[in-house]
Structure formats: structure tokens, C-alpha cells
Amino acid sequence: MFGKKGNDDGARRAPEFRPPTPATQSVGRPVETAAAYAPPAEPRAAAPQPSPQNRRAVEAPPLAPEPARKQHRERSENYYDTKSQVFSALIDTIDLSQLAKLDPDSAREEIRDIVNDIIAIKNFAMSIAEQEELLEDICNDVLGYGPLEPLLARDDIADIMVNGSKQVYIEVNGKVEQTGIRFRDNQQLLNICQRIVSQVGRRVDESSPICDARLPDGSRVNVIAPPLAIDGAALTIRKFKKDKLTLDQLVKFGAISPEGAEVLKIIGRVRCNIVISGGTGSGKTTLLNCLTNYIDRDERIITCEDSAELQLQQPHVVRLETRPPNLEGEGEVTMRELVKNCLRMRPERIIVGEVRGPEVFDLLQAMNTGHDGSMGTIHSNSPRECLNRIESMIAMGGFSLPQKTVREIIVGSIDVIIQAARLRDGSRRITHITEVIGMEGDVIITQDLVLYHIKGEDQNGRLIGQHVSTGVGRPGFWDRARYYGEEARLANALESMEKQAG
């Protein structure tokens with residue numbers, strides 16, 4: 001076990017197991033976290049109420065729990081020098097091939113024992129707390145994702161952004177803050193990036209410096225490595241929460257009103273074709289996951305994604321994922337090929353994680369040919385802009401169709417557009433539930449069912465708003481709701497919204 005393995009430059013391959021540490025068990029949640037949907041944390045009770053003239057200086061509430069801030073304090077250069085020496089001695093001492101044969105807990109204990117011996121032999125002057133931090137850091141370096149592990153363990157973080165080895169930022173409650181965490185050097189950061197992407201059969205190196213991948217729990221990972229990233233590899237992780245969000249929780253966080261959530265549940269239940277529109281980080285994938293909860297469990301669902309993120313709970317789900325080209329530039333499988341192929345797989349619903357290009361035409365064709373209840377997400381800032389972007393993406397595919405024909409296909413395929421937005425205070429809200437009704441001449445006609453109106457902001461800078469009904473008593477999908485026996489629920493939800501508005 002302790003036979004000398006030889007010098008290692010740090011670019012070792014990790015053992016093939018992952019320890020069930022809290023850091024790895026706690027990773028989980030859809031592309032936008034619960035903390036992102038929740039309103040920012042309340043300020044502490046002892047804080048004085050700010051006056052108008054000094055409000056800007058004190059209005060921001062604490063963005064992270066105090067214990068977490070202590071855990072991520074800036075460490076001295078001496079700490080990193082000591083860690084580097086101990087780590088080098090460990091690599092010279094331990095045989096990773098033997099370590100890989102142990103179960104995760106035993107491997108962690110073995111590493112801790114050896115590191116303790118190294119510290120004693122080299123007579124490093126360290127406090128008990130520093131020694132414990134060092135032990136945990138080195139175990140994470142060998143068995144996990146190194147300095148990222150404590151961040152992955154926190155459930156209140158939505159995004160982790162690594163800008164080279166010296167800068168690590170996180171997003172908490174919709175706000176970005178810098179941490180005191182850093183990597184040993186750029187090589188360690190690149191090694192961890194390679195470890196992450198290799199788990200899903202992808203690679204990142206000088207010849208292929210851009211990569212999309214995912215962690216085992218589904219958290220979305222993007223890596224861009226040197227020479228494209230000048231100051232060291234840039235790593236971005238959109239974390240998944242361990243516990244899936246539901247529409248009822250979105251109601252609790254204020255993302256949608258109870259009556260609006262009831263309308264969304266009915267829309268998902270009665271097999272409306274849905275497009276979820278929103279900007280980056282607005283909560284599109286989270287909302288898509290929530291809506292899939294209301295799909296019947298006996299339906300066959302096929303998902304197509306660039307990086308598999310969706311967490312469907314139904315038993316009959318087929319998950320498909322695109323593939324990048326290999327070293328020779330061959331073997332690429334695009335989203336469009338996946339969507340076209342899944343039409344041959346007898347789907348009842350097709351769900352496209354994110355529509356970015358010509359595959360939108362195949363998705364519309366699927367929606368229009370008997371695959372009712374299909375869903376997808378698109379980057380756009382309003383329902384009207386969403387329709388324009390769909391037209392643009394169809395044109396990108398080289399389809400030389402008249403504009404009116406394209407719009408007729410869109411109208412015949414999409415029933416509802418749900419708009420999600422990230423507001424300036426960091427909160428996420430569903431701002432529109434909009435129906436696609438039909439055409440008048442060459443213009444697509446839409447009808448808003450629910451809108452979010454911002455009324456102002458409180459003394460802490462948080463936006464105050466309300467979801468209101470537009471007064472539509474009989475939506476365009478009323479007949480579909482009646483077919484599924486949901487017209488009474490739909491009528492009650494719309495009536496309740498009107499009463500709330502009144």
C-alpha cells in the first residue's frame with residue numbers, strides 16, 4: 001500500500017470511486033437552486049432600520065450564513081506552502097492503485113493516517129484546527145473535487161464560478177460574492193476540471209479547450225481551458241439541489257401565486273405544448289422540472305439535452321444526450337439528430353432541455369404531429385420575443401419557407417409560453433403565462449392569462465409585486481381542459497385570480 005509510486009506532477013487520475021461524503025451527497029438540485037428562487041435572507045433583528053439617506057450602505061442583507069464565511073476565510077501563503085509539501089510527500093508515499101481498491105471511508109481514513117504521519121515527521125507547526133483543515137483539504141484533493149468540495153456541500157449556493165486558481169465566486173440569494181477559496185495552482189484546477197468531464201466521457205485540454213459536462217447528480221458544468229482562458233481554466237457550475245423543487249415551493253418563494261400555480265398544474269396535466277422562455281439564470285430548467293411532476297406516470301417521455309440535467313420522477317423516461325466530436329472531429333451527435341431520432345422511439349411527450357438552433361423546427365413538427373404535451377426552453381426576454389426567436393432559429397436551419405407558413409407552424413404547435421425572469425433584486429418570478437391563440441393576417445395573436453406587476457420596493461431593496469389575472473375567463477385551451485375533466489378546476493383558479501385582483 002505504501003510502496004513508492006514515483007514522482008507525480010499532480011496530473012494523476014482519480015480513483016474510480018467517489019466517497020459518500022457530505023460534500024458529494026449534498027450536491028443536487030435543478031440548474032437554478034431553491035435559494036435562487038427564495039427571497040433574499042432577512043436581515044438580523046438587531047440591525048437598525050436604515051434612514052433614506054444611508055439606505056444604500058446598509059440595505060444588503062447577509063448573503064451567506066456566518067459559519068460558512070468562517071469556513072471560507074482567506075488562508076495564508078504559509079498554509080498553501082505547507083499543504084503543497086504534505087501533498088507531494090503523500091503522492092510519493094501512497095500507491096493510488098491500491099487506494100482505489102478500498103471502500104471510500106477506508107480510503108479517506110488511510111489518507112488521514114498517512115498525512116498525520118507526514119506532519120509529525122516533518123514537524124510542521126500547526127494548530128489542531130489548521131491540521132484538521134489540511135487533512136480535509138488533502139482528502140478532497142485525492143478523492144473528490146479539491147477546494148470545490150465545501151462549496152458543493154452548501155445547499156444555498158446556486159452557482160460556483162472559478163476564474164483561474166486564485167478567484168472563486170459564488171451566487172447566494174441571487175447575488176454574487178467572492179470566497180476565500182483558491183486552488184494550489186492552475187494545474188490543480190485543470191486536473192479537477194479534467195476529472196469532472198472525464199466522468200461523462202468528455203475531455204478538456206489544449207486541443208479541445210471548451211467543454212460542457214455535468215456532475216454525477218446532474219449539476220451543469222462548463223469549462224474553458226487555456227489557451228482560450230488566459231488566466232487559467234474558467235470553471236462554472238450551476239448547482240442542483242438535493243431536494244427537487246415543486247410548484248408549491250415556488251408559491252412559497254413568491255415565484256408564482258397559488259392560483260397561477262393551479263393554472264400551471266392544469267396546463268401540464270391537459271397536455272398543452274409548452275415553451276418556457278427566460279434569460280440566463282431565470283429558472284427555466286427548474287420550472288420545466290416542476291411542470292413534469294404533473295405528467296401522468298403511464299406516459300412514455302423522451303428527453304433530449306446537451307447535458308442531462310432534468311430529473312423526471314416518472315417510471316417510463318428515456319434520457320438522451322448530445323455528443324461532441326472526437327479528436328478527429330468525427331462522431332458528433334447534434335440536438336437536431338436526437339430530436340429527429342426520438343420521433344422514431346414512440347414517444348408520448350418529447351422534452352427538449354434547451355432549444356438553441358434548427359432543432360426547434362423538428363420540435364415544432366413533433367408537437368404538431370400527435371406528441372401533445374411536449375415541452376422545451378428558449379432564451380428570450382418576453383413571450384413575443386420568444387416567438388421571434390423561434391422564427392430566427394428556423395431560418396438558421398436553412399429552411400426556405402415563407403414567413404406566413406413558418407408562423408402557421410408555430411401557431412399550430414405551441415399552446416402556452418411561460419416567461420420566467422430574474423429580477424434586479426436577485427429573485428426569480430414567473431412574469432407571464434401567455435397563450436398562442438392564432439393568426440390575424442400575418443401576425444401571431446397571443447393572449448396573456450397571468451402577469452406579474454411590480455409595485456415598488458421595500459426598505460431593503462427587495463421588489464414588491466403581485467401576480468394578477470388579465471380577466472380572461474375562458475382560455476384557448478378550455479376545450480382541452482374539458483376533454484381531460486379539468487374545466488371546473490381551471491374555472492375556479494381563474495375566478496380566484498380575478499377576485500384577488502379585485
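In what order do the 9 strands of the open sheet with mixed pairing stand? In this predicted model, for which local features need pLDDT of at least 70, side-chain atom pairs count only at pLDDT 80 or more, and totals for chains, interfaces and linings use all residues, the order is β9-β8-β10-β11-β7-β12-β13-β14-β15. Residues are numbered from 1 along each chain as its sequence is written, and side-chain values use heavy atoms, with hydrogens and water left out.

Strands (E, at least two residues) and helices (H or I, at least four) are DSSP runs numbered from the N terminus, and two strands are taken to pair if DSSP finds at least two bridges between them. Strand β14 (residues 443-457) runs antiparallel to strand β15 (residues 463-469), to which 7 bridges join it, with Glu457 opposite Leu463 in β15. The hairpin of β14 and β15 has 5 residues between the strands, and Gly461 takes a positive phi near 85° there.

A further open sheet is formed by 6 strands in the order β3-β2-β1-β6-β5-β4, with antiparallel pairing. Because β3 (175-178) and β4 (210-214) stand at its edges with a single partner strand each, one side of each is left without a neighbour in the sheet. The twist in this sheet averages 15° from one strand to the next. Strand β5 (residues 220-224) and strand β6 (residues 234-238) run antiparallel and are joined by 5 bridges, and the bridge partner of Ile224 in β6 is Ala234.

As to helix packing, the axes of helix α16 (residues 383-396) and helix α17 (residues 403-413) come within 11 Å and cross at roughly 120°. That angle makes α16 oblique to α17, where under 35 degrees counts as roughly parallel, over 145 as roughly antiparallel, 65 to 115 as roughly perpendicular and the rest as oblique.

The search of the whole structure finds 2 cavities of 30 Å³ or more, and the second largest cavity has a volume of about 40 Å³, a volume being the space filled by probe spheres set on the points, which are joined across faces, edges and corners. Its lining includes Val275, Leu363, Ile378 and Ile414, and α15 (359-367) and β11 (375-379) each supply at least two of the lining residues.

The largest pocket has a volume of about 490 Å³ and is lined by 19 residues, of which Arg202, Arg323, Pro324, Pro325 and Glu332 lie nearest its centre. The largest share of this lining, 3 residues, comes from β4.

Note on methods:
Axes fitted to C-alpha atoms, helices over the stretch in contact; angles between N-to-C directions. 1 Å grid on protein atoms, 1.4 Å probe; cavity = no way out; pocket = protein on both sides within 12 Å on 5 of 7 lines; lining within 4 Å.
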